[in-house]
Amino acid sequence: MKYVTGAALASLLTTSLAFADPVDDTLILNEETDMITRTAAPAHLSDTLDEVMSGWLFRGTETRAMQADDFDNPGMIFVEQAQDSWMIAEGTEGKSCSSCHNDMDSMAGVKATYPKWNEEAGEVRTLQMQMNNCRTERMGAEAWGYDKTPAINMEAALSAVSRGLPVNVAIDGPAQSAWELGKELYYTRTGQLELSCANCHEDSYGMMIRADHLSQGQINGFPVYRLKNTKLNGVHSRFKGCVRDTRAETYKPGSAEFVALELYVASRGNGLSVEGPSIRN
């Protein structure tokens with residue numbers, strides 16, 4: 001049995017704690033695509049976790065069923081909107097996404113590798129950053145706001161064509177310094193409650209708090225349709241919410257800090273299937 005560690009975490013929780021194992025269930029998408037929802041932890045986590053698990057395993061029966069069928073998944077509405085946008089020419093160059101990439105299916109596997117190092121730019125880029133680079137440099141169009149509706153819809157659509165493929169985020173070479181920053185942020189206690197990401201998602205996953213189930217905080221399912229706010233949510237917006245909940249000053253979506261944190265957290269899920277758009281509470 002796990003126990004919550006630290007007085008700060010205890011002060012955050014206003015109800016009693018209980019332990020509940022993740023369910024023993026299998027996700028088969030649309031009755032045809034087997035999804036990897038639990039697998040051996042990547043080598044860089046060998047000192048802390050034996051196994052990594054999708055947040056899908058920590059959700060209730062109805063929520064899991066909704067994600068298993070695209071007809072029931074409300075996130076697919078936004079995917080369809082992005083599929084329409086894929087074909088629309090914008091900007092001074094009169095190009096659409098399809099002008100360079102043809103059908104969206106040609107992007108299968110791309111989501112699984114992001115964030116990643118971009119050699120030409122000399123930086124780690126998230127998928128939204130790369131999308132905006134295409135818009136401004138190739139299409140002559142305005143950049144989308146980070147985690148705002150057009151961008152998050154398109155990221156969800158690009159995730160959808162990669163569902164079932166394993167997350168494979170590179171953390172070596174020139175990306176390593178950003179990965180190290182992300183790791184530092186993950187383990188640093190912040191805010192009045194002095195909590196880190198690890199306090200909830202590494203030390204205490206499986207605990208029930210306020211009728212919700214703490215997962216490992218894997219992001220292979222992002223963008224996520226949250227039943228709480230009935231819309232797609234980006235990972236940086238989720239980071240922002242978590243930091244805010246520690247009562248700390250937070251970073252902005254798209255900031256260098258959150259890019260580094262996304263790289264690190266994504267790498268913790270290497271080997272899990274891309275699931276987005278997934279459904280969570």
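Tyr186, by contrast, counts as buried at 3% relative accessibility.

This is a predicted model, in which local features need pLDDT of at least 70 and side-chain atom pairs count only at pLDDT 80 or more, while totals for chains, interfaces and linings use all residues. Residues are numbered from 1 along each chain as its sequence is written, and side-chain values use heavy atoms, with hydrogens and water left out.

## Aromatic rings

The whole structure holds 8 aromatic pairs, where rings of Phe, Tyr and Trp (its six-membered ring) pair if their centres lie within 6.5 Å, and planes under 30 degrees apart count as stacked, over 60 as edge-to-face and the rest as tilted. Tyr186 and Tyr187 form an edge-to-face pair, with 5.2 Å centre to centre and 75 degrees between the planes. Ring pairs also link Trp179, Tyr186, Tyr187 and Tyr264 into a cluster.

## A charge over a ring

The charged end of Arg64 sits over the ring of Trp56, 5.6 Å from its centre; the term requires NZ of Lys or CZ of Arg to be within 6 Å of the ring centre and within 35 degrees of the ring normal.

Conventions: Buried means under 20% relative accessible area, exposed over 50%, partly exposed in between (1.4 Å probe, protein chains only).
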